[in-house]
Amino acid sequence: MFDIKSIVRPNILSLEPYRCARDDFKVGILLDANENTHGPALTTISESESQLELNRYPDPHQLELKKQIVQFRNSTPNIHLSGNEGIYPGNLCLGVGSDESIDLLLRCVCIPGKDKMLICPPTYGMYSICATVNDVEIVKVPLLYPGFQIDVPGILSTITQDPLIKLIYLTSPGNPTGKLLNVDDIIQLLTQAQSKWNGLIVVDEAYIDFTESPNSQHSQSMSTLVNQYPNLVVCQTLSKAFGLAGIRLGITYSNETLASYLNAMKYPYNISSLTSDIAIRATGSETGLKVMNDYVSRINKQRDWLLNQLTNLKYIGRNIGGLDSNFLLIEVLDKQGKPSNEVAYKVYNKLAVDNSVVVRFRGNELNCFGCLRISVGTEAENVTLVQKFKQVLEQVNE
C-alpha cells in the first residue's frame, strides 16, 4: 500500500527546484550571481576564512559533507540491515538544525487544515509547534509507562482508523525521557504499517551517539535502514554529541525519492560555508570523530556519577527515564517522600535565580510529574550542581 508519490502533496510533486548560480559553473571569473567580488566587509580576515570565499554563495548541494556523513554512519551498520547497501549521499537532505527537517517533512506531505500527524508524549515540543504553524492537527498515542516505549498496537490501531494521519514522529533516545526506543518495535511498526497505511514514520535521533550499543561493532542508529524501509525517515543533528549546536546543522535520511523532494523544497543556500567547513572537519577526519567519541565517553561516565550522587540526596527520587542520552530525568520529592511539581519548580527556580545553576523543569510533561531534566556538564560543573542541589533541596523542604 505504501506509495511515496501518493502521500507527497501535489504541489511538491510538480515543484521545479530553484536553479542556483553554482549549479552550472563553480570556477572562473564568476559574474553570474551578483556577489560582491571585492570580498567580505571585514577589516581583517584569517587565512581559513579567506579560503572559504565568504563573499561567494555556498555550495547548494554539500556533496563532500554528505559523503563524509554517509561514510561515518555506514562504518558501523545496524544489525537489522539486510545486506551491505547502507546509505548514499542521495539519501540525505541537510537543514538548519533538526527543526528545519521537522518542518520540511510536514510541508512536504501534510495538506494544511486537512491532514494530521501523530506524536507519542512525552516528547520533543517542536513537533507540536511545527504542526500548529502548518495547521496540521495533532493526534497523540502516549509512550507506555513505565519504560517509555512505543505502544505499537495503539499506534497501528490509530493510523489504520484515520488515513488523514500522514506522519508519525518518534524520538529515540527520547526527550525528555532519555530512553532509546526498542528498534525491534519500530521495525515491527514500519513493517505492519506499510501494508495498511500510507504515511511516514520519522525517528528523531538527536541523541543517538550517546547510546552505548551492547555490541560495539554495531550502531543503534536506524539511519542506514532508510533504503530497506521506504516509509522510514531518520533525523539527526550535530548539536549534541558533536558539540556543534552553534553551527545549526541537521540531517534527514530517507529513501532517495523523498530526499529529492525535500532537497527541491529547501532554500538553495541553507547551509553556510562556515557551517559546512566546521561540519566537514568534525565528521570527515579521524581527529574530529576521535574527539567526539572521547567527549561522549566522558559525558557517559559523568552521567553515571551524577546519577549516583543525585539519587543519594534526601528529597530526590528515581531517575524515571533512561541512560541513553546526555541528561537525566530526576524526581524531586516533598517532605512526605512523594514526587511534587510544586517542590520541583521551587528547586528549579532557586537553583537558577540564587545559584546560577540552570536545569529544566519538566513536571508538566505526561508521566513526568515532579521531574527536572538535568544535562550532564563537565566534572567541575557536576560537582557544583550536586552541592547546590543539596543546599536548595534542604532550603525548599525545611
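In this predicted model, Gln62 is located in the loop that connects helices H3 and H4. The phi angle of Gln62 is near 50 degrees, a positive value in a residue other than glycine. With a relative accessibility of 6%, Gln62 counts as buried, because the limit for this class is under 20%. Glu53 is also placed in the loop between helix H3 (47–51) and helix H4 (63–74). Glu53, not a glycine either, has a positive phi of about 50 degrees. The relative accessibility of Glu53 is 47%, and Glu53 therefore counts as partly exposed.

The sheet of the model is open and has seven strands, in the order E1-E7-E6-E5-E4-E2-E3, with mixed pairing. Its edges are formed by strand E1 (92–95) and strand E3 (137–140); each has a single partner strand, so one side of each lacks a neighbour in the sheet. On average, neighbouring strands of the sheet are turned by 25 degrees against each other, direction ignored.

Leu92 is placed opposite Tyr253 of E7. In regular strands, side chains alternate between the two faces of the sheet. In E1, Leu92 and Leu94 point one way, whereas Cys93 and Gly95 point the other way, and all are buried.

Four bridges connect strand E2 (residues 116–119) with strand E4 (residues 165–171) in the parallel sense. Within this pairing, Leu118 stands opposite Ile168 of E4, and Met117 has Leu167 of E4 as its bridge partner. Between E4 and E5 there are five bridges, and these two strands also run parallel. Leu170 stands opposite Val203 of E5. Seven of the seven residues of E4 are buried, so E4 is largely enclosed by the rest of the structure.

Helix H5 lies across E1, E2, E4, strand E5 (200–204), strand E6 (232–237) and strand E7 (250–253), and runs at about 160 degrees to E4. Helix H6 (residues 126–133) touches E2, E3, E4 and E5, and its direction makes about 170 degrees with that of E2.

Eleven of the 13 residues of H5 are buried, so H5 is largely enclosed by the rest of the structure. Among the buried residues of H5 are Glu100 and Asp103, together with Ile102, Leu104, Leu105 and Leu106. H5 (residues 97–109) also meets helix H9 (residues 256–265): their axes come within 10 Å and cross at roughly 105 degrees. H5 and H9 are therefore roughly perpendicular to each other. On the H5 side, the contact is made by Leu104, Leu105, Arg107 and Cys108, and on the H9 side by Leu258, Tyr261, Leu262 and Met265. Seven of these contact residues are nonpolar, none is polar and one is charged. In H9, Leu258, Ala259, Tyr261, Leu262, Ala264 and Met265 are buried. The N-terminal end of H9 is capped by Asn255, with a side-chain oxygen 3.1 Å from the backbone nitrogen of Thr257.

A further helix pair is formed by H11 and helix H13 (residues 379–397), whose axes are 11 Å apart and pack at an angle of about 10 degrees. H11 and H13 are therefore roughly parallel to each other. Gln302, Trp305, Leu306, Gln309 and Leu310 of H11 are in contact with Glu379, Asn382, Val383, Leu385, Val386 and Phe389 of H13. The contact residues of H11 and H13 comprise seven nonpolar, three polar and one charged.

Gly284 is in the loop between helix H10 (273–283) and helix H11 (286–311). With a relative accessible area of 40%, Gly284 is partly exposed. When neighbours within four places in sequence are left aside, Gly284 is in contact with Gln68 and Ala279. The C-alpha atoms of Gly284 and Gln71 are separated by 8.4 Å, although these residues are 213 residues apart along the chain.

Two cis peptide bonds are noted. One joins Tyr145 and Pro146, with omega about -5 degrees; Pro146 is in the loop between E3 and helix H7 (152–161). Another runs from Asn175 to Pro176, with omega near 25 degrees; Pro176 is in the loop between E4 and helix H8 (183–196).

Methods: Residues are numbered from 1 along each chain as its sequence is written. This is a predicted model: local features need pLDDT of at least 70, side-chain atom pairs count only at pLDDT 80 or more; totals for chains, interfaces and linings use all residues. Side-chain values use heavy atoms; hydrogens and water are left out. Axes are lines fitted to C-alpha atoms, for helices over the stretch in contact, and angles run from 0 to 180 degrees between N-to-C directions. Angles under 35 degrees count as roughly parallel, over 145 as roughly antiparallel, 65 to 115 as roughly perpendicular and the rest as oblique. Contact means heavy atoms within 4.5 Å. Ala, Val, Leu, Ile, Met, Phe, Trp, Tyr, Cys and Pro count as nonpolar, Asp, Glu, Lys and Arg as charged, and the others, Gly among them, as polar. Buried means under 20% relative accessible area, exposed over 50%, partly exposed in between (1.4 Å probe, protein chains only). A polar contact is a pair of N or O atoms within 3.5 Å; within protein, one must be able to donate a hydrogen and the other to accept it, and residues adjacent in sequence count only if both atoms are side-chain atoms. Two strands pair if DSSP finds at least two bridges between them.
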